[in-house]
Number of protein chains: 2
Amino acid sequence: MKTLKIYGSTGSIGKSCLSVLRLKQGDFALKLLAAGNNLDLLKKQIEEFNPEFATIYNNDKVGELKKFLAESGLNTKYIPFEKSFEIYSDITLSAIVGSAGLIPTFKSIPFTKRLALANKESMVLAGEFINGECEKFGTELIPVDSEHNAIHQSLRAGRKNEVKSLILTASGGPFFGKNLEELKKVSVEQTLKHPTWDMGKKITVDSATLMNKGLEVIEAHFLFGVDYSNIKVKIHPQSVVHSMVEFVDGSIICQMGKTDMMLPIQYALYYPERVATDDFSFNFGESLRLDFFEPDYETFKSLKLAYTCGKGDITDRIILNSANEVAVSYFLREKISFVSIPDFIEEMLNKIKRERVSSIEDVLEFNEKVKKICIEEVTGGDF
Amino acid sequence: MKTLKIYGSTGSIGKSCLSVLRLKQGDFALKLLAAGNNLDLLKKQIEEFNPEFATIYNNDKVGELKKFLAESGLNTKYIPFEKSFEIYSDITLSAIVGSAGLIPTFKSIPFTKRLALANKESMVLAGEFINGECEKFGTELIPVDSEHNAIHQSLRAGRKNEVKSLILTASGGPFFGKNLEELKKVSVEQTLKHPTWDMGKKITVDSATLMNKGLEVIEAHFLFGVDYSNIKVKIHPQSVVHSMVEFVDGSIICQMGKTDMMLPIQYALYYPERVATDDFSFNFGESLRLDFFEPDYETFKSLKLAYTCGKGDITDRIILNSANEVAVSYFLREKISFVSIPDFIEEMLNKIKRERVSSIEDVLEFNEKVKKICIEEVTGGDF
């Protein structure tokens with residue numbers, strides 16, 4: 001039985017992971033459930049899964065969690081969030097959304113054999129440091145993101161030095177095919193209607209701007225060590241092909257299947273084994289149509305910005321990510337428009353003074369500074 | 001430098017193989033060029049490639065070949081066709097079309113490390129004996145057919161016991177979507193217009209009837225040890241996805257690329273390496289559409305017949321293949337109609353008395369007998 005820690009258990013990926021555990025009980029011993037804020041759900045998860053430890057990031061809720069554990073009669077023990085990193089486990093699922101996921105991801109690496117990574121911001125903000133830490137401690141990194149997971153699977157059909165390019169597929173979001181004028185009028189409600197995947201709000205907005213794909217391009221660069229010029233994006237509205245690998249001999253290997261995050265999560269937990277915990281069969285139906293288009297880099301500027309920042313300095317990536325997080329959160333509160341998101345990022349990239357970032361601590365410090373500036377700017381600016 | 005023998009060098013696959021050799025000279029030493037009938041082309045190939053040995057199947061042309069070699073001043077030596085099997089080589093490409101390919105394939109197995117198999121009839125007629133012989137001599141079998149080659153590549157993304165099903169794609173041929181009434185009127189000329197692949201005449205007719213896919217289903221069964229109930233066919237008119245493997249966890253891995261036989265041939269020659277001998281990149285263009293449909297088993301009866309014969313006795317498969325070969329050759333000579341092809345096969349399956357077939361010699365004997373009966377019947381019947 002393998003041991004497992006879950007960071008972000010009450011989020012979309014965390015919940016899917018617990019659904020995977022439900023399917024084949026006894027394969028994993030749960031060491032830790034760590035939530036950010038949703039104590040009500042965390043309590044239910046603790047009651048159902050009886051982890052050895054539980055914790056919550058939001059300090060205001062620690063007292064209530066402790067009280068619940070004391071009164072519950074369960075074996076689950078409370079552990080402070082920062083202390084939890086040092087609990088040893090075979091697998092750590094990093095599924096906290098946004099830049100808050102960086103520290104749990106990084107700090108868990110020395111204490112886990114395998115990092116199942118669903119937090120793309122870790123790689124965007126600090127891919128070089130995450131990779132360095134994994135190498136140092138011999139920690140295996142398996143991506144959970146459906147695209148990178150598909151690439152991980154497809155890469156098995158060849159050798160590392162035989163890879164010519166990676167092709168990430170993108171659903172295109174609800175606004176695929178729209179022009180800039182049309183984008184200016186889109187509402188939050190329209191933006192949150194994702195055509196194929198059911199995800200959290202932040203990532204759904206990122207899918208609509210194509211920033212999600214941009215962040216994934218950067219993530220792919222660090223995960224697979226492929227140059228940005230050899231990482232391509234194709235709009236694939238049906239989201240059936242989850243991504244592809246082109247080899248030097250012209251063969252393209254792709255992975256396709258149901259749009260259900262349980263699949264890549266299960267893969268990351270059981271790899272190198274493939275297991276049939278449930279019927280996850282893809283249904284072709286009477287007919288299946290798959291389309292692939294070139295992205296419109298001019299209208300969906302966020303994707304272009306991500307490539308530029310990826311090729312640039314680590315500080316560019318930090319500004320890209322933070323400015324996007326701030327802009328999206330203000331867009332969700334209807335304070336700025338959809339098209340202002342990339343405009344705001346661009347302005348922050350031009351405005352914010354760079355600093356020397358040469359450690360994970362520097363990343364955190366610069367990231368906090370950038371976030372503060374962005375928050376000040378977003379309300380003061382014209383967005 | 002690896003040694004290579006080519007059976008069927010003047011056919012479509014043989015010529016493509018020589019094109020692969022042209023791209024990166026010095027990787028292979030040509031031990032043998034063996035042609036069936038086309039002496040003119042064989043002479044040119046000998047002059048260009050200087051194989052150690054050359055031979056021709058058609059006895060009437062042996063004298064001329066010997067004379068050519070004697071007068072040419074080249075080092076290439078003549079060897080009788082049946083003697084050539086015993087020339088040792090690292091790789092033997094079996095690319096003779098039709099049941100004539102069985103003996104060179106089978107008899108070469110003890111004398112080669114790798115059999116690159118493009119002759120599907122070998123597997124259809126005698127899959128159990130080919131597999132047994134390969135096992136006995138430790139000969140590796142790499143399929144060259146684009147579908148089976150795609151499956152070979154896709155299988156690398158998992159373990160053998162994790163395979164749930166194989167999904168062979170079929171272009172559907174020029175008559176995809178037509179009903180039986182429409183099929184009754186199609187001409188030889190229309191049949192030979194294949195939408196995506198440029199192949200020999202026999203295989204092009206087989207593509208139009210879907211018998212080609214039927215033979216491939218049987219071939220896949222023997223190549224990969226998968227039950228017929230887990231081998232599926234999808235009509236995929238664009239022929240971009242060459243085939244797929246479904247794993248037990250629901251993941252489908254597929255291989256796609258250019259419709260150029262040089263690609264799978266190169267793969268079979270160089271495996272496990274992937275090499276960039278040329279730019280074989282697949283071009284997605286501005287947009288790419290891929291469709292997948294269920295085959296129409298009632299209208300394209302040949303495919304259904306192949307499944308039935310596959311699940312049946314080896315004699316069923318021999319009758320299926322021979323009756324089809326005879327019917328196609330008479331169709332090409334405009335003696336019978338397109339829809340008569342499966343009708344004729346069905347009648348032969350009902351009519352021909354079965355015999356005990358328990359060796360490769362039995363296969364040959366029964367196959368000759370069946371062919372004779374079929375030829376007698378095809379002109380006498382109502383086809």
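1. Chain A and chain B bury about 3,800 Å² between them, and 52% of that area lies on carbon and sulfur atoms. Three residues, D249(A), R274(A) and F284(A), supply 18% of the area that chain A buries against chain B, more than any other three residues. The contact draws 45 residues from chain A and 45 residues from chain B. The model is a predicted one, and the values in this note are to be read with that in mind.

2. Polar links also cross between the chains. There are four salt bridges between chain A and chain B. In one salt bridge the side chains of D249(A) and R274(B) meet, at 2.9 Å from N to O. The count of residue pairs in polar contact between chain A and chain B is 22, with both residues at pLDDT 80 or more. On the side of chain A that touches chain B, the elements giving two or more residues are β8 (163–170), β10 (241–247), β11 (252–256), α12 (262–270) and β12 (287–293) of chain A. The largest share, seven residues, comes from β12(A).

3. K164(B) is a residue to look at on the chain B side. K164(B) lies in strand β8 of chain B, residues 163–170. Leaving out residues up to four places away in sequence, K164(B) touches D279(A) and S281(A) in chain A, and N230(B), E246(B), F247(B) and V248(B) in chain B. The side chains of K164(B) and S281(A) are joined by a polar contact of 2.5 Å. Is K164(B) buried or partly exposed? K164(B) has a relative accessible area of 32%, so it counts as partly exposed. The C-alpha atoms of K164(B) and L65(B) are separated by 50 Å, and the two residues are 99 apart along the chain.

4. Within chain B, strand β5 (residues 89–94) is mostly covered, with six of its six residues buried. Strand β1 (residues 2–7) of chain B pairs with β5(B) in the parallel sense over four bridges, and Y7(B) stands opposite S94(B). Strand β6 (residues 112–117) of chain B also runs parallel to β5(B), joined by five bridges. Here S89(B) stands opposite T112(B). Together, β5(B), helix α5 (residues 102–108) of chain B and β6(B) make a right-handed β-α-β unit.

5. Over all chains, the whole structure holds 60 salt bridges. One of them joins K202(A) and E121(A), whose closest N and O atoms are 3.8 Å apart. This pair links distant parts of the chain, with K202(A) in helix α10 (residues 201–209) and E121(A) in helix α6 (residues 120–137) of chain A, 81 residues apart. Both K202(A) and E121(A) are buried.

6. R317(A) and E128(A) form a salt bridge with the closest N and O atoms 2.5 Å apart. R317(A) is in helix α14 (residues 314–332) of chain A and E128(A) is in helix α6 of chain A, 189 residues apart. R317(A) counts as buried because its relative accessibility is 2%. E128(A) has a relative accessible area of 32%, so it is partly exposed.

7. Two further cases complete the note. K120(A), D145(A), E147(A), K213(A) and E216(A) are linked in a network of salt bridges. In chain B, the side chains of K24(B) and D27(B) meet in a salt bridge of 3.8 Å, N to O. K24(B) is partly exposed at a relative accessible area of 35%, and D27(B) is partly exposed at 23%.

Technical notes:
Residues are numbered from 1 along each chain as its sequence is written. Chains are lettered from A and ligands numbered from 1 in the order in which they are written. This is a predicted model: local features need pLDDT of at least 70, side-chain atom pairs count only at pLDDT 80 or more; totals for chains, interfaces and linings use all residues. Side-chain values use heavy atoms; hydrogens and water are left out. Buried means under 20% relative accessible area, exposed over 50%, partly exposed in between (1.4 Å probe, protein chains only). Two strands pair if DSSP finds at least two bridges between them. A crossover is right-handed if, with the strands pointing away from the viewer, the path from the first strand over the helix to the second runs clockwise. Contact means heavy atoms within 4.5 Å. Buried area is the accessible area (1.4 Å probe) that two parts lose on being put together, summed over both. A polar contact is a pair of N or O atoms within 3.5 Å; within protein, one must be able to donate a hydrogen and the other to accept it, and residues adjacent in sequence count only if both atoms are side-chain atoms.
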